[in-house]
Amino acid sequence: MNGECMKFVVCVKQVPDTTEVEVDPETGTIIREGVPSVLNAFDEFALNVAVQLKESIDEDVEITALSMGPPQAKDALTKCLAIGADKALLLTDRVFAGADTWATAVTLARSIKKLGGADVIFCGQEASDGNTAQVGPEVAAHLGITQLTFVSEIEKIEDKNIICKKETDEGFLRTRCPLPVVIACMPTPGFLPKIPNMRDIIKGKRKPYEEWGFDDLGGEEEDYGLEGSESVVVRTYSPPPKGEGIIIDDEPETAVNKLMEYLEKEGIL
Amino acid sequence: MAKTNLWDERGLTEEQKLFKESILDWAERNLPLDRVIKMNREGHPFPKDIIKGLADLGVIMGTVPEERGGLGLNWKDQTLISEVIGYIDPSIATAAGFMAVSTGWGFTIDRYANEEIRQKYVQPAIRGDKFIGIATTEPGGGSDVSNFKCTGEKEGDEWVLNGEKTFISGVQEAKQIGGGYWVNVRTGPKLPEAPHKNMTAFFVPIDSEGLTPTEPYDDAGRNAISTGGFIMEDVRIPEEYMLGEKGKGFYYTMEGFDNARILIGGSAVGVTRRILEEAADYIKERETFGNPLAKYEGIQFEFVERYIEMEASSLMVNKVASMQDVRYDEEGWLARTGKAKTYSPKEIAKWISMIKYKVPHLAKDTADDAMHWLGAAGYSSEYIFETAWRGVMSYCVGAEGGANIQKIVIGRETLGPDYVPYK
């Protein structure tokens, strides 16, 4: 697994810019036409974490940004190279199209194996378009390695172990885990990703970039894409909007009385 | 309702898309529209953190070769960057100071300067530690470049400069952080048949002994960057600070104007795009007589006409940027394949004059329209339109060449030199 240097792989996805997304009220589907695509913010956080970790480590580290998607997903990888990835790999083939999280994880895991494995595989906690949070853990399952989810901070790597902070419902857990590991990163509130400057962008463009298709990964066509998917999307829809809330803005005693009055009137109490 | 987005990225390269994204992300954190309005209300000097931020982003003087501290960008990239700068700051204070002046003229200074000037002034200006610009206009006139009065006389290894320059961008900023100017002086007799000859360009540090900045002007707009002047009384400049060859200053200056004007064209496209986007958000939401304003033809058709003109202007700027890339690809494949000879400097100047005339007027007229569409709201500084309108007027009336001068250049190149209205 380990070659001459430590290897990080950061899995990223190109998603529609959610600030510009509108939902078709009749079909309930996202209107993608004319909506710009961006690097998934969770993945951008993961990449920033990976780059910071690389900078804090004495030994050589190589970061590969990895994505599966249509050819235009190259834009997201180009940004990764500008932010600090050393090389980028896009898995793109019609055979991969229509993949659910399972088939996506199969494809990513096979490509990571073909790359020679990795010491740390970073991914965002979830993607802002599907919000499943499944791909990272599934990649770990396919590779047969440990997964750590909701990781907000990585302290260090020492003696082939990674020490990091994992968010929990109660607070956080500081944990030590042997490598290799899949880390699903959860952005901390107020996190501001690095903005690559013009020089970073130009340098990034000169870094190695590759595209692999079905022929490069091998296996059977039915392992990938729609055919390799275990789930079926029956319908997507927006939940009906909630009614307007009531705000009781008053002195505590009066407010409580008003609240009780309302609850009794509505038959809740 | 999602914000209106009138950018079309499909013609951009991968790098250009990222250039744009990074500048917009940076502006969202550091230079949102409310700060643009505030800093123009407060006036110059230009905020140091924004100068440093622009430099760290790498947007200043990107066309300077990499081996001399720039990024070696082509002009298509730099004009796209200028467009995004106009978009983030429609007051044009940022574009006027750091695209047209520092970048257009900085690139030109770098071409003709010696290594000392490059290291002491150009490279620090790229890093945001100094300000460099152009000082050509004099109290007696600006458009008639060949008829200036400032003089330079050789004394030993030095040149002694005298005279006054005025309506210069960034004097207060240069005073504050250091820097200097491209200054034209007469170094030989004025020849009646060729008054543009015997003009020589020098790089003059702002802190030169004998140089006194005059009071800054109280301009109508783009108030975040200063406009001022300086008087030179026996300012002694070393021979090595001559830019290019003696007596060729007029030609170099025309080249510098080209380099600044194309970036003005780019930034004015950006101003127009931002105005249209901000106006669209308003007219789609605001209702009158039961309908959104955007539904009324009186407004919608004006909007559409400006949108068409903006996209046409964008294509035109892109064409001219291609011409610039041919012009400056002296060592590259264009030269080797003979394509570098495609355009003469005068032909390029004609096209650049066309965008210098057309696009700032479009931006100004679009801001004017938007103020009418929004009514009282558009007239208030709660929105960007009046700040943009006052700012971009500077490009129309004279910054880097007045409107009628552009027409004279275009007329000369289309009708022929016999029809030039002056000699």
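The model is predicted: local features need pLDDT of at least 70, side-chain atom pairs count only at pLDDT 80 or more, and totals for chains, interfaces and linings use all residues. Residues are numbered from 1 along each chain as its sequence is written, while chains are lettered from A and ligands numbered from 1 in the order in which they are written. Helices (H or I, at least four residues) and strands (E, at least two) are DSSP runs, numbered from the N terminus.

**The sheet in chain A**

- An open sheet of 9 strands has the order β11-β10-β9-β12-β8-β1-β6-β7-β13 in chain A, with mixed pairing; two strands pair if DSSP finds at least two bridges between them.
- The edges are held by β11 (172–178) and β13 (209–212) of chain A; each has a single partner strand, so one side of each lacks a neighbour in the sheet.
- Direction ignored, neighbouring strands of this sheet are turned by 35° against each other on average.
- Strands of a sheet pair through backbone hydrogen bonds, either parallel or antiparallel.
- Strands β1 (residues 6–12) and β6 (residues 61–68) of chain A run parallel and are joined by 7 bridges.
- A:V12 has A:S67 in β6(A) as its bridge partner.

**Helices on the sheet**

- Helix α3 (residues 101–114) of chain A lies across β1, β6, β7 (87–91), β8 (120–124) and β13 of chain A, and runs at about 150° to β6(A).
- Axes are lines fitted to C-alpha atoms, for helices over the stretch in contact, and angles run from 0 to 180 degrees between N-to-C directions.
- Helix α4 (residues 135–143) of chain A also packs on the sheet, where it touches β1, β8, β9 (146–158) and β12 (181–185) of chain A, and its direction makes about 80° with that of β9(A).

**Where the chains meet**

- Chain A gives 16 residues to the contact and chain B gives 17 residues; two residues are in contact if their C-beta atoms, placed from the backbone, lie within 7 Å.
- On the side of chain B that touches chain A, α1 (14–30) and α3 (48–57) of chain B each supply at least two residues.
- The largest share of that side, 8 residues, comes from α1(B).
- That side of chain B divides into 7 nonpolar, 4 polar and 6 charged residues. Ala, Val, Leu, Ile, Met, Phe, Trp, Tyr, Cys and Pro count as nonpolar, Asp, Glu, Lys and Arg as charged, and the others, Gly among them, as polar.

**Two crossing helices in chain B**

- Helix α5 (residues 93–112) and helix α8 (residues 249–285) of chain B have axes that come within 9 Å and cross at roughly 150°.
- Residues making this contact include B:W105 and B:F107 of α5(B) and B:L263 and B:I264 of α8(B).
- The contact of α5(B) with α8(B) divides into 11 nonpolar, 6 polar and 1 charged residues.

**B:R306**

- B:R306 is found in helix α9 (residues 297–328) of chain B.
- B:R306 is buried, because 21 other C-beta atoms lie within 10 Å; the cut-off for buried is 20 or more, for exposed 12 or fewer, and partly exposed is in between, with C-beta atoms placed from the backbone.
- B:R306 touches B:T272, B:L276, B:T366 and B:D369, not counting residues up to four places away in sequence.

**Chain B as a whole**

- Chain B has 14 helices and 10 strands.
- Buried residues make up 51% of its 423 residues.
- The C-alpha atoms of chain B fill a box of roughly 80 × 45 × 40 Å, taken along the principal axes.
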